[in-house]
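Take a moment to look over the sequence and the 3D view below. Then read on for a short tour.

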Amino acid sequence: MSTTPPPSESLHHHARRMGGRDPHESHRVATPLELLFDLTFVIGFGLAASQFAHALAEGHYAVALIGFGFASFAICWAWINFSWFASAYDTDDWIFRLVTMVQMIGVLILAIGLPRMFASLEHGGHFDNSVMVFGYVVMRVAMVFQWLRAARQDPARRKACLTYVAAISLAQLGWIVLIFLDFSLGLTFVFTCTLTLVEMAGPWIAERKAGGTPWHAHHIAERYSLFAIIALGEGVVGTVATLSAVIDGQGWTLDAVLVCIAGMGLTFGLWWVYYILPSAPILHARRDRSFVWGYGHMIVFAAIVATGAGLHVAAYFIEHKAHIGPVATLLTVAVPVSIYLLMIYALYAYLIGRFDLLHAWLLGGTVVVIAAAIVGAMAGIGMTWCLIILMLAPVVTIVGYEVRGHRHQIEALATQSGPTVH
């Protein structure tokens, strides 16, 4: 049964029964509280991107990739845990609001622990994620409370709610153990992979085997798109860093204009491409496709943030502060852009259930553009011009979709059908 508050109750925030939202509720959109919650992740992404960029500029690729990979998963997973629960059980009463505030505090603690984690990898001692785990403890005490409340007040879905409680608690216990046992980096990696599997298996078991929860397809699609915009903020930050580097060294020159166009053009292009995904209608018709879509987005978000970090590396290079060459510098932007575009096409094909031949041509054109930018860097063309060329990579997809791809999507969506409820 839906617990959507009637209009008279929307004027106050008294305690309400957490009986589950209506998955077919009309005009369901992100709440102001959800948007406020998202702001805490700006800090997390910002710190992760700055640490990633610094390690890349120093040529410490292993530290950069391991640290950023772990940071990205931790940040995205914290957001995913809250967002899917809120889609199913957001009562917006005073209890839900205060518990969400506690989770926001946990996110900030997690963010504060990111530099310490990167530093531990840099110095080659041991993997120090203690502050990050403490942030997760704060978040998860609140999250477990939310799921227990839902289990008590929504008997029909108690099994699913308690499955979430068990998975969250087991995973958190494992992360705490990892703090106190001084494993080698190799054993820590194995332990981390195991715990990651536990983390990701919990929702799958709860939704597929234990009855599931009443999350809202259009709402969750909007939440993911808004989180993508949060991640795209790092592209703006990276653009400003690169622009500042050019202006400080050369003043307002043609290079400054080109850097501004390249950075914002690339960020804008990634934004445009994201909204080509037909997420909401497909998830509404085929709820069983939510796992690959939802988990796959972690790579999408990480690639977006990494692109912004790459622009920051370009700023280091222009300021002559980077210890890597022009080709390596360009690759710090080109690689995440490539991963992002490839993931968008992969998720599109998964949602639709088939691969469009048009996409093969568009991917081919994208590869040519990215290769041209890399060849330009190898040939000694200035970094700003290489970034301008790279900026055209998402443009290939945008033009292809606007000219012909949208018709293909309409035809594909017309064939979609499937279960709409658990």
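What follows covers the ground rules, a histidine, some salt bridges, an aspartate and the cavities.

## Ground rules

This is a predicted model, so local features need pLDDT of at least 70 and side-chain atom pairs count only at pLDDT 80 or more, while totals for chains, interfaces and linings use all residues. Residues are numbered from 1 along each chain as its sequence is written, and side-chain values use heavy atoms, with hydrogens and water left out.

Helices are DSSP runs (H or I, at least four residues), as are strands (E, at least two), numbered from the N terminus.

## A histidine in a loop

Let's start with His216, which sits in the loop between helix 7 (185-208) and helix 8 (217-250). His216 counts as buried because its relative accessibility is 4%; buried means under 20% relative accessible area, exposed over 50%, and partly exposed in between (1.4 Å probe, protein chains only).

Leaving aside residues up to four places away in sequence, His216 touches Asp22, Pro23, His24, Glu25, Arg28 and Ser87. Touching here means contact, with heavy atoms within 4.5 Å. A polar atom of the His216 side chain lies 2.7 Å from the backbone oxygen of Glu25.

## Salt bridges

The structure holds nine salt bridges. For each, a side-chain nitrogen of Lys or Arg is within 4 Å of a carboxyl oxygen of Asp or Glu. Glu25 turns up again here, paired with Arg21, with the closest N and O atoms 3.0 Å apart. Glu25 is buried, at a relative accessible area of 15%, and Arg21 is buried as well, at 9%.

Next comes Glu34 with Arg223, whose closest N and O atoms are 3.5 Å apart. Because Glu34 lies in helix 1 (residues 32-57) and Arg223 in helix 8, this pair ties together parts that are 189 residues apart in sequence. Both Glu34 and Arg223 are buried, and together with Asp38 they're linked in a network of salt bridges. Arg149 and Asp93 also meet in a salt bridge, at 2.5 Å from N to O. Arg149 is in helix 5 (residues 130-153) and Asp93 is in the loop between helix 2 (61-89) and helix 3 (94-112), so that pair joins parts 56 residues apart in sequence. Arg149 is buried at 8% relative accessibility, and Asp93 is buried at 0%.

## An aspartate between two helices

Asp356 is in the loop between helix 12 (326-352) and helix 13 (357-378), and at 17% relative accessibility it counts as buried. What does the side chain of Asp356 join in a polar contact of 2.6 Å? It's the side chain of His408. A polar contact is a pair of N or O atoms within 3.5 Å; within protein, one must be able to donate a hydrogen and the other to accept it, and residues adjacent in sequence count only if both atoms are side-chain atoms. A polar atom of the Asp356 side chain also lies 2.9 Å from the backbone nitrogen of Leu358.

## The largest cavity is lined by 26 residues, of which Ile80, Trp84, Tyr164, Pro203 and Tyr295 lie nearest its centre. Helix 7 gives the most to that lining, with six residues.

How values were computed:
On a 1 Å grid over the protein atoms alone, a cavity is a set of points where a 1.4 Å probe fits but cannot get out, and a pocket is an open set with protein on both sides within 12 Å along at least five of seven lines; lining residues have an atom within 4 Å of a point.
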